[in-house]
Amino acid sequence: MRIIFFVVILAAGLMYSYVAFTNLDFLTMTGRLGPGFFPRGIGVLMVVFTLWSMSAELRPSAAEGRSDVGGYAGQVALIMGFGVAYVLSLGLIGGIPATVIFLFVTLSVLNRNRLLQNGLVALLVPAAIYVLFDRLLNAAIPEGVLPLPF
Amino acid sequence: MDLFADLWMGLSVAISPINLVYLLIGAMVGMIVGIIPGFGPAAGLAILLPVTFGMDPIGAVMMLAAIYYGAMYGGTITSILLNTPGESATVASTFDGYPLAQKGRAGPALVMQAVASFTGGTVGVILITLLAPAFSHVARNFGPPEYFLLALLGMLTLIVMIGENWKLGVLSALIGFALGTVGVDLETGQSRYTFGSAELIGGIHFIPIAIGLFGLGELYFAFYRGLHRIGSGSIAQYDRKKGFWPDLADWVDTKFTLVRGSILGFVVGVIPGAGATIASLMAYSFERSFSKRPKNFGKGEMAGLVAPEAANNAASSGAMIPLLTLGIPGSASTAVLLAAFLLWGMRPGPLFMTQNPEFAWGLIASMYLGNMALLALNIFAIPLFVQIIRVPYRILAPIVLVICTLGTFSVSSSMIEVYLMFTAGIVGFFMRLYGFSPAALVLGLVLGPLAEEALRQTLTISRGSFWIFLERNGSIGIIVTTAVLLLVLPLMQRIGRRAGALKQGTVSEAEDAGV
Amino acid sequence: MKFISEFVGTGLRGTGLAAGCVLGLIAGSHALAQDYPSKDLDWTIAFGPGGGNDIMARTLIDIIQKYDLYGQDIRAENRAGGSGAVGWGYVYSKAGSGYDISTTSGSLITTPLQADTPWKASDFVPLALLATDDLAIMVSGNSEWDTIEEFIESAKETPPTLAGTGTVNVDFIVPTLFAEKAGFEFEYVSFNSMADMQTALLSGAVDAMVGNPGEIVGLVESGDMKALIYSGETTPPALGDVPTMDEKGWGVGVSMPRGLILAPDAPQEAVDFWRATVEKIVETPEWEKYIETNLLTENIKYGDDFGTFLKNAQDGFEKVLRAQGAIK
């Protein structure tokens with residue numbers, strides 16, 4: 001896992017540098033520092049530091065003593081997945097209904113066999129948010145594209 | 001003295017019953033707005049500005065100002081309890097605030113942050129009262145060369161924040177810097193890394209990144225550690241025996257911290273554009289290098305919470321100086337206040353305070369009252385807030401996720417910012433897991449663009465010469481200050497540490513975890 | 001008033017409307033269009049609360065509601081994001097609707113130049129230009145230059161540094177076109193905010209700056225800054241006795257448009273209704289107060305005249321930005 005994360009950063013650094021070197025000028029036409037001056041430096045340093053840290057990672061001695069797996073990785077993936085589904089549903093069915101569904105589904109998994117408690121939280125929290133955001137603060141809540149009464 | 005006559009006149013304006021009601025409403029709204037991650041003082045002010053349209057200007061400005069500094073009080077509460085900064089100025093408060101809560105000292109941490117906020121706010125207002133005209137000259141000396149040096153000075157704080165693995169720390173800062181280059185290049189107008197998306201023209205904002213990295217990242221990390229499987233009181237212990245009030249050592253240890261943080265915060269706040277975020281980060285690293293126990297920083301040292309808290313509140317007072325004495329807004333929040341002044345038909349500028357004495361001094365006087373009200377409000381509300389951490393984490397976590405999401409959305413009604421926040425949350429989790437430094441990333445994102453812009457402006461002005469840094473009084477002042485900090489402080493620290501070691505015997509040699 | 005005299009020129013239909021306007025604020029609207037408005041109005045504000053665009057939209061809505069100029073409800077929504085791309089994209093998606101209206105600003109022109117938005121400024125139905133945000137060239141109070149002539153003369157020898165907010169902005173376009181006409185060069189220094197720019201000028205880092213009068217008038221009154229020339233039609237008295245670019249024969253004809261647009265292909269009855277309504281709005285004391293406190297230049301152009309104004313501004317922007325390399 002650890003090495004994959006480094007590879008992702010390395011890829012991002014390479015792409016960042018590629019754009020900096022191909023699309024952005026080092027100096028402007030009038031000889032001032034151009035839009036590419038800093039990005040080129042940042043990009044190169046990012047790649048250098050990523051490779052440097054990776055080489056330290058790849059040494060077998062470094063891997064010892066650091067438990068990579070051991071936490072509840074599955075649970076983290078689960079809550080991340082629920083989170084992504086929640087964000088996608090926001091734009092579809094609107095902020096308040098999506099929140100009710102997200103809370104109820106997530107709590108049903110995390111806080112099993114407590115239907116009443118979960119149902120209350122899933123209804124009361126969005127209600128409180130609606131009152132606070134929409135009524136008191138006049139702040140925006142995502143609107144859905146589906147025609148729902150909310 | 002004239003000064004006291006002015007202040008007395010202001011007080012008599014501010015103390016009318018209806019104005020006091022507005023002040024209290026503003027303080028409460030500010031606190032609530034500050035608590036919600038995403039809403040900072042600027043967003044809160046902008047959203048509530050239309051409400052004041054029909055009001056009398058003095059009452060309205062008292063309310064708006066109270067929202068502004070009240071948000072600084074509220075912003076820290078989630079930093080301490082959930083490691084989720086409410087807004088950018090309270091990022092530094094998570095460094096030691098959250099570890100304190102984890103150690104079972106959430107109550108004392110909240111009390112001390114309220115006291116620190118109050119001290120910072122009040123010292124700030126006293127300095128405004130006494131020194132407003134003098135400090136307007138500080139703001140007048142800041143051009144691009146000074147901003148560049150200030151950004152460099154801010155980057156020195158990276159050294160403090162980078163933690164044990166310096167390579168990963170530097171890499172984190174570089175990622176932040178890279179994110180900071182997204183958007184339209186200020187000088188040429190060319191789009192960088194926007195890939196044709198209009199959403200990215202304005203660049204990547206600080207708030208979704210900070211909420212994602214700290215708030216969501218922490219949430220995922222807590223799942224990784226299995227906190228959702230334990231019962232109540234799992235993220236942070238609230239120990240009834242150790243209690244709610246800070247003990248004597250907390251007060252004694254931080255009495256000078258309060259003063260140092262307040263003064264530093266105020267001075268940085270006066271500089272337009274530097275603001276409360278940089279003030280709080282600088283106060284944190286400054287305090288750490290001053291401390292007798294720098295190794296405890298990041299592990300729940302009270303001074304590490306008090307310093308940034310005093311600083312960010314003092315900075316928000318300091319930012320009123322360029323607004324009142326020059327008509328120049330130093331931050332997003334004071335820009336909204338400036339818009340309000342214009343709406344009420346006033347003309348901010350150097351003559352503002354002499355042309356509108358009742359308004360200006362009424363506002364200043366109200367800040368004394370507002371800070372007192374906020375201190376009382378905070379202390380009363382703490383037992384309530386502490387209940388948050390008694391909710392089992394498996395129930396609390398989804399609620400926190402919802403509030404972070406909707407809070408991020410509402411700041412600029414943008415789904416892109418919500419996507420950014422989630423991406424930052426996932427990246428933040430892996431960063432924590434693999435020893436990167438989210439704080440360094442955030443610092444790179446804030447200071448990187450500032451440094452880049454200021455350097456390019458400076459070199460345009462000087463036509464490519466670096467001597468400009470030695471030709472301006474402001475620049476020389478900053479260079480001298482930096483040199484003193486770099487040379488004198490480590491020396492004092494060494495002396496202080498030796499004295500401390502003699503007193504305490506052996507200092508714990510625990511590894512420095514960084515932040 | 002200036003408004004009436006401009007108005008008579010637009011022809012017979014215009015005079016009829018003016019008469020209706022004089023006869024009564026309330027009766028006029030219903031007599032003109034029976035079917036419109038029959039639904040709630042959706043007013044898109046393409047920026048967040050508290051900004052110039054938001055304040056103008058809310059001022060207009062307050063006036064419309066106070067005088068009951070629109071028979072139905074008005075819903076104002078801040079659809080912020082992407083420098084206007086989100087809000088105006090929303091209005092664009094409502095093509096054919098007469099009930100989707102929005103207030104404009106400079107970004108209506110600049111955002112499509114910078115990003116791949118599906119819409120351009122010319123896609124919308126231009127209703128009316130109400131006012132423009134114009135700029136003054138400012139120098140520090142203790143500067144050696146007292147008049148624009150002195151400034152230009154010295155600029156011809158050594159190009160001065162001139163600060164403005166952003167590059168894809170009137171702050172850059174106006175002085176660039178002005179310098180071209182007046183025959184001098186300058187080094188543009190782009191700043192992120194008005195505040196940074198003002199302190200840069202006061203600290204002596206830059207020689208001059210451009211700014212909206214509303215934000216600098218306090219510093220002019222106190223003698224910390226001097227205005228040299230103004231880009232609008234008439235200089236606001238608060239800036240002092242300062243010539244305009246037009247008076248000197250160096251007019252640039254580009255400014256930040258503050259006007260109203262409808263969704264593309266909006267029905268004619270909606271366009272007619274709004275034209276009549278705008279004529280009433282600009283006569284109200286509330287509107288005059290708005291123009292006065294914000295030191296805007298009242299500049300009213302209806303329909304196609306507004307369309308032409310937008311087109312000219314767009315061409316000006318495109319030319320300068322292409323020469324600068326900001327857009328490709």
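Okay, let's start with chains B and C: 47 residues of chain C are in contact with 51 residues of chain B. "In contact" here means that the C-beta atoms of two residues, placed from the backbone, lie within 7 Å. Before going on, this is a predicted model, where local features need pLDDT of at least 70, side-chain atom pairs count only at pLDDT 80 or more, and totals for chains, interfaces and linings use all residues. Residues are numbered from 1 along each chain as its sequence is written, with chains lettered from A in the order in which they are written.

Helices (H or I, at least four residues) and strands (E, at least two) are DSSP runs, numbered from the N terminus. By type, this side of chain C has 16 nonpolar, 24 polar and seven charged residues. Ala, Val, Leu, Ile, Met, Phe, Trp, Tyr, Cys and Pro count as nonpolar, Asp, Glu, Lys and Arg as charged, and the others, Gly among them, as polar.

Now for chain A. Its contact with chain B takes 48 residues from chain A and 44 residues from chain B. Chain A's side divides into 33 nonpolar, 13 polar and two charged residues.

Last, one residue: A:Leu136 sits in helix H6 (residues 115-136) of chain A. A:Leu136 is partly exposed because it has 13 C-beta neighbours inside 10 Å; 20 or more would be buried, 12 or fewer exposed, with C-beta atoms placed from the backbone.
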